[in-house]
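Subject: Structure handover

Hello,

Here is the structure you asked for. Please open it first, then read my notes below.

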Amino acid sequence: MSLKLFAAPMSSASPVVTALAELGIDCEIVMLDLAAGEAKQPAYLAINPHGVVPTLVVDGTPLFETVEILQWLGDTHGVERGLWPAAGTPERLVALSWTSWAYVSYGMLVNVLNFSQSPRVDASLHHAPLAADALQRLDAALGRLDARLATSPFLLGDAYSLADLVVASVVTYSTYCGVTTSGHANVERWLAAFHARPAFRTTWGNAEAS
Ligand SMILES: N[C@@H](CCC(=O)N[C@@H](CS)C(=O)NCC(=O)O)C(=O)O
């Protein structure tokens with residue numbers, strides 16, 4: 001199987017780069033310069049019409065959307081490495097639920113927060129009450145994640161898995177956007193375990209919000 005990842009430093013592609021390192025997958029990685037508009041060039045738009053990273057090209061077919069790439073890596077490479085539950089198991093359902101929750105539900109609130117207060121968004125579009133509401137909802141969401149992590153060290157039980165990598169990546173990014181994890185001791189313990197992993201340390205070296 002040939003794999004080629006289009007990525008950019010400290011971007012939505014970072015969790016994919018981390019997963020490739022965690023799984024020990026040999027993959028060509030092409031780093032685009034987003035500021036120079038490389039993701040908007042016709043050659044790249046032919047691969048990903050949305051003009052964003054990441055895109056993983058699998059035997060010539062592009063796969064985009066970070067959460068789909070990560071779930072696909074779990075399905076195709078994670079099971080044999082003990083990092084993703086096998087198809088047909090209850091744990092697979094748990095893994096799909098939490099990883100999609102992170103990108104779709106929690107991620108939607110992070111986007112609201114960013115659009116309403118980020119310095120990267122035109123100040124005329126900022127909306128302080130909306131940002132405050134998003135922060136409150138994100139804190140409540142972290143409370144529900146904390147309750148899950150109170151029952152076991154990791155999302156799927158005693159062992160670290162790609163499900164932790166996916167959800168912890170999104171939660172880590174949210175902290176760069178102003179979300180605080182204080183008051184959620186289980187989330188903080190679990191995030192520290194993620195941040196201690198070599199795959200995280202090598203790929204998120206100079207992290208900052210993007
Ligand atoms: N929902 C997409 C979002 C991808 C996205 O917005 N990526 C940004 C980088 S964080 C990007 O490539 N922007 C293109 C640009 O700035 O030209 C995903 O998760 O894959």
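Start with helix α1. Nine of its 10 residues are buried, so α1 is largely enclosed by the rest of the structure. Keep in mind that this is a predicted model.

**Helix α1**

The buried residues of α1 are Ser14, Pro15, Val16, Val17, Thr18, Ala19, Leu20, Glu22 and Leu23. What do they pack against? Their partners are β1, β2, α3, α4 (90–117), α6 (162–176) and α8 (198–203).

Take threonine 18 as an example from α1. Its relative accessible area is 0%, so threonine 18 counts as buried. The cut-off for buried is under 20%. Setting aside neighbours within four places in sequence, threonine 18 is in contact with Leu165, Ala199, Phe200, Thr203 and Trp204.

Now look at the strands. Four of them form an open sheet, in the order β2-β1-β3-β4, and the pairing is mixed. From one strand to the next, the twist averages 20 degrees.

Follow the pairs one at a time. Strand β1 (residues 3–7) and strand β3 (residues 55–58) run antiparallel, joined by four bridges. Find leucine 3: its bridge partner in β3 is valine 58. Helix α1 (residues 14–23) packs on this sheet and touches β1 and β2. The direction of α1 makes about 145 degrees with that of β1.

Next, β3 and β4. They also pair in the antiparallel sense, over four bridges. Leucine 56 stands opposite leucine 63 in β4. The hairpin of β3 and β4 has two residues between the strands. Within this hairpin, aspartate 59 takes a positive phi near 45 degrees.

**Helix α3**

Helix α3 (residues 66–78) lies across β1, β3 and β4. It runs at about 115 degrees to β4.

Pick out glutamine 71 in α3. Is glutamine 71 buried or exposed? Its relative accessibility is 8%, so glutamine 71 counts as buried. Apart from neighbours within four places in sequence, glutamine 71 is in contact with Trp84, Leu96, Thr99 and Ser100. Glutamine 71 and alanine 163 are 92 residues apart in sequence, but their C-alpha atoms are 8.6 Å apart in space.

**The ligand**

Last, the ligand. Which residues are around it? They are Ser11, Ser12, Leu34, Lys40, Gly51, Val52, Val53, Pro54, Glu65 and Thr66.

- Lysine 40 has a polar side-chain atom 2.9 Å from an oxygen atom of the ligand.
- Glutamate 65 places a polar side-chain atom 2.8 Å from a nitrogen atom of the ligand.
- Threonine 66 has a side-chain N or O atom 2.7 Å from an oxygen atom of the ligand.

How much of the ligand does the protein bury? Taken alone, the ligand exposes 520 Å², and the protein buries 70% of that.

Best wishes

Definitions and conventions:
Residues numbered from 1 in each chain as written. Predicted model: local features only at pLDDT ≥ 70, side-chain atom pairs only at ≥ 80, totals over all residues. Heavy atoms only, no water. Pairing = 2+ DSSP bridges. Axes fitted to C-alpha atoms, helices over the stretch in contact; angles between N-to-C directions. Contact = heavy atoms within 4.5 Å. Buried < 20%, exposed > 50% of the residue type's maximum accessible area, 1.4 Å probe, protein only. Near = heavy atom within 4 Å. Polar contact = N/O pair within 3.5 Å; in protein donor to acceptor, adjacent residues only side chain to side chain. Areas by Shrake-Rupley, 256 points an atom, 1.4 Å probe, with all protein chains shown as cover.
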